[in-house]
Amino acid sequence: MKLIPLVVMVSAAVWVSTSAAIAQPPPQPGPPPPCVDAADVKFVCGQQGPEDLVIVPGGAWVVTGVFGGAGGINLLRVSDRTTTKAYPSASAKDRLDAKTYDKCPGPPDASKFTTHGLSILPGRRNVHRLFVVGHGGREAIEVFELDARPQTPVLTWIGCAVAADPIGLNSVRGLPDGGFIASNFLPRGGAPAATQRMMTGEKNGELWEWHTASGWQKVPGSEAAGANGLEMSNDGKTLYVAAWGSQSFFRLSRGKTPPTRDEIPLGFRVDNIRWARDGSILAAGQGTGQAASTVVKVDPKTLTVKEVLKRPAGNGFGAATVAVEVGSSYWIGSFAGDRIAILPAR
């Protein structure tokens with residue numbers, strides 16, 4: 001399959017923050033090519049580092065983080081692939097839920113609000129809850145109400161949980177009580193050597209669970225080398241985690257003492273993970289080469305793996321970080337790209 005390059009630099013996992021000494025991505029080879037559809041690939045253009053994507057229930061809209069440029073949160077209309085800035089925006093609101101997020105100091109600084117991992121929790125009457133990993137002014141999980149009833153969905157910021165130092169947040173999974181589970185990919189303030197050790201498989205982070213009453217608590221048995229993408233079973237008893245540094249994927253019991261953990265190698269730097277309609281888990285990340293892109297399906301029961309997509313650097317993709325199933329297509333985002341690729345699902 002011949003594809004137009006996505007023009008990206010490195011995995012979302014190797015992100016750069018003013019508060020952390022983390023690997024610097026290599027320079028861009030030049031200006032990006034024109035964002036023009038081809039016979040075998042379509043694009044959602046005009047993005048700024050769409051590192052993670054989630055589908056709004058109903059399938060008409062996709063939410064994307066903005067990991068570069070001006071930051072914020074974008075809404076993408078599936079029917080015509082148009083982009084709307086959802087936060088900050090004239091339609092967005094701030095309304096603190098002081099009962100659930102009683103220690104939240106207030107809304108994020110919109111001028112510094114770069115966004116990373118996303119999670120959407122379906123609600124009643126087409127009003128949902130969106131959890132966002134926010135960097136910039138503060139390291140926090142920011143929580144929004146997403147009202148999908150208007151012609152264009154509206155976001156209302158309702159609270160936050162600020163991460164303690166040195167937690168370096170990456171992905172998040174929302175919980176029904178307003179709490180969440182989040183991954184600590186790379187502690188802030190570490191030396192570059194710590195990044196290199198993580199990339200060789202040294203466990204350096206873990207998962208954290210937050211609730212109003214208990215605050216931040218480590219998830220037992222979740223230690224990992226570059227804990228990245230995160231999903232959970234419908235009954236809440238099992239967590240699924242991408243370990244970017246060790247190029248592996250593990251299944252972890254939740255609430256069981258001692259916890260049960262099963263881990264498999266994937267052979268690439270697995271980034272975000274998302275449920276597919278067939279009940280498998282889509283895992284996207286970077287394979288061999290400077291920025292090759294790989295997407296696989298993992299069976300959550302057997303942990304068997306099926307390859308979906310594999311493209312070497314310079315042959316269409318570079319550094320895929322997420323794949324979601326939208327209609328009959330895969331939408332694939334990246335850490336540093338200026339577009340999202342759309343490919344037929346198979």
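Reading disulfides and aromatic pairs

Mentor: The structure above holds ten aromatic pairs, where rings of Phe, Tyr and Trp (its six-membered ring) pair if their centres lie within 6.5 Å, with planes under 30 degrees apart counted as stacked, over 60 as edge-to-face and the rest as tilted. This is a predicted model, in which local features need pLDDT of at least 70 and side-chain atom pairs count only at pLDDT 80 or more, while totals for chains, interfaces and linings use all residues. Residues are numbered from 1 along each chain as its sequence is written, and side-chain values use heavy atoms, with hydrogens and water left out.

Trainee: What kind of aromatic pair do Phe 180 and Trp 216 form?

Mentor: Phe 180 and Trp 216 form an edge-to-face pair, with 5.3 Å from centre to centre and 70° between the planes. Because Phe 180 lies in strand E12 (residues 180-184) and Trp 216 in strand E14 (residues 215-218), the pair ties together parts that are 36 residues apart in sequence. Strands (E, at least two residues) and helices (H or I, at least four) are DSSP runs, numbered from the N terminus.

Trainee: Is Phe 180 buried or exposed?

Mentor: Buried means under 20% relative accessible area, exposed means over 50%, and partly exposed lies in between, using a 1.4 Å probe and protein chains only. Phe 180 has a relative accessible area of 0%, so Phe 180 is buried, and Trp 216 counts as buried because its relative accessibility is 17%.

Trainee: Which angle lies between the planes of Tyr 240 and Trp 275?

Mentor: The planes of Tyr 240 and Trp 275 are 85° apart, with 5.5 Å from centre to centre, and this pair is edge-to-face. Tyr 240 lies in strand E16 (residues 238-243) and Trp 275 in strand E19 (residues 269-275), so the pair ties together parts that are 35 residues apart in sequence. Tyr 240 is buried, with a relative accessible area of 6%, whereas Trp 275 is partly exposed at 31%.

Trainee: Which residues form one aromatic cluster?

Mentor: One aromatic cluster is formed by Tyr 101, Phe 180, Trp 210 and Trp 216.

Trainee: How many disulfides does the structure hold?

Mentor: A disulfide is a pair of cysteine sulfur atoms within 2.5 Å, and the structure holds two of them. Cys 35 counts as partly exposed at 27% relative accessibility, and Cys 45 is partly exposed at 31%.

Trainee: Where do Cys 104 and Cys 160 lie?

Mentor: Cys 104 and Cys 160 form a disulfide, their sulfur atoms 2.1 Å apart. Cys 104 lies in the loop between strand E6 (93-94) and strand E7 (114-121) and Cys 160 in strand E10 (residues 154-162), so the pair ties together parts that are 56 residues apart in sequence. Cys 104 counts as buried at 8% relative accessibility, and Cys 160 is buried at 2%.

Trainee: What is the handedness of the link of Cys 35 and Cys 45?

Mentor: The link of Cys 35 and Cys 45 is left-handed, with -90° about the S-S bond, whereas the link of Cys 104 and Cys 160 is right-handed, with 110°.
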